Amino acid sequence: MLVFPEAHVIRRSHSASPIRGGLIPGIGAVLLWGLVPVAIRHFVAGLDPLTFSAIRFMAMALLAIPLLIRAAPWRWPTRDIARLAFCGIFAVPGLNIPSALAAQTVSAGGLGMLAATEPIFIVLFTLMLARSGVGLNVIIGGAIALTGVFIAFSSGAIALIDAANLGAAAIGLIGAASWSLYTVAGAPLARKYGSLALTGGVLVIGGALGTMVLAPVIPLASWPGSEVFIEIFLLTLSTSLAGFLLWNHAATVMRPAPMGLLLYLLPVVAILGGAALLGEPLTFRDILGGLVILFGVSIGEGRLKLPRALARQTD
């Protein structure tokens, strides 16, 4: 297990303020990922989820090979190579296999709720493993944003505790925890070697490992035609390769906890995307929940300041 010493608890809110340069790429990654749950549900509706995952892993590994060659991680210290492999396992198969399995029975709203646990896991892993603390603004902003997610996806939250969905929800939580652990563990590598190197290593290692594990157990009849392969490769190019590059670049200048708050914007993107692309109704609950999420993220990222009396409680 990777351990990062000197884990601290709550610090003053200004100490956790993100560097401005990381917000734009972080939000860019969230915009790309916001519609992924819809895409996953589209593919697994007519394709075995493990087959879908295997094709996506293959695409990740192939598309990221040039980045891996450029980074030459085999020249890195042994400890960094081990951490890179750790990140590849948890970021790719650790996230995507549970997500694809959960998408078979969990609704889009339920998937949104499961994704909303990722910032919580990131805070927990930061406190346990990382060297930097968690600002009070991150705690308060995260709590407000989570409330907004519950407002927008209240029906999905209720469905998750249904007996028929508990197993799938637990699997989805494993994926959320895996991604969060990668975010915390991968940040030092991103700062040391750059986002291109981390992205290339993670996608090639994780994608190749996931393909090798799944491909032998998938029946030949499950493999789709070339059109589906092309569609999944295009999905991977836009969401995985570009999304990882943007997210890992944000990790070079932002701490994991405030960066994790950006993941709360995923439901907002999903709601707006569903309305714009699929013609789904935009309800008052959706709008209210989205506004509460934006308010919470603004506090967590330091765009809105805490009252002075509250901020002084951290002294």
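Q: Which helix gives the most to the nonpolar patch?
A: Helix α15 (residues 284-300) does, with three residues. Helices here are DSSP runs of H or I, at least four residues long, numbered from the N terminus. A heads-up: this is a predicted model, where local features need pLDDT of at least 70 and side-chain atom pairs count only at pLDDT 80 or more, while totals for chains, interfaces and linings use all residues. Residues are numbered from 1 along each chain as its sequence is written, and side-chain values use heavy atoms, with hydrogens and water left out.

Q: What makes the nonpolar surface patch?
A: Leu272, Leu282, Ile287, Leu291 and Leu294 do, over about 450 Å². To be in a patch, a residue needs over 30% relative accessible area and no salt bridge, and nonpolar side chains (Val, Leu, Ile, Met, Phe, Trp, Tyr) are joined within 5 Å. The areas come from the Shrake-Rupley method with a 1.4 Å probe, and for residues only the protein chains shown count as cover. Leu272 sits in helix α14 (residues 265-277).

Q: Why are α3 and α12 called oblique to each other?
A: Helix α3 (residues 49-71) and helix α12 (residues 226-251) pack at about 55°, with axes 9 Å apart. Angles run from 0 to 180 degrees between N-to-C directions, and axes are lines fitted to C-alpha atoms, for helices over the stretch in contact. Under 35 degrees is roughly parallel, over 145 roughly antiparallel, 65 to 115 roughly perpendicular, and the rest oblique. The α3/α12 angle therefore lands in oblique.

Q: What makes α5 roughly antiparallel to α10?
A: The axes of helix α5 (residues 93-102) and helix α10 (residues 166-193) come within 8 Å and cross at roughly 160°. That angle makes the pair roughly antiparallel. Pro98 of α5 and Trp179 of α10 are among the contact residues.

Q: Why is α4 called roughly parallel to α5?
A: α4 and α5 pack at about 10°, axes 3 Å apart. So roughly parallel is the label for α4 and α5. Their contact includes Phe90 of α4 and Pro93 of α5.

Q: How do you know that lysine 192 and aspartate 80 meet in a salt bridge?
A: The N to O distance is 2.7 Å. The cut-off is a Lys or Arg side-chain nitrogen within 4 Å of an Asp or Glu carboxyl oxygen, so the pair qualifies. It links helix α10 to helix α4 (residues 78-91), with the partners 112 residues apart.

Technical notes. Patch = residues over 30% accessible without salt bridge, like charges linked within 9 Å, V, L, I, M, F, W, Y side chains within 5 Å. Helix = DSSP H or I, 4+ residues; strand = E, 2+ residues; numbered from the N terminus. Contact = heavy atoms within 4.5 Å.
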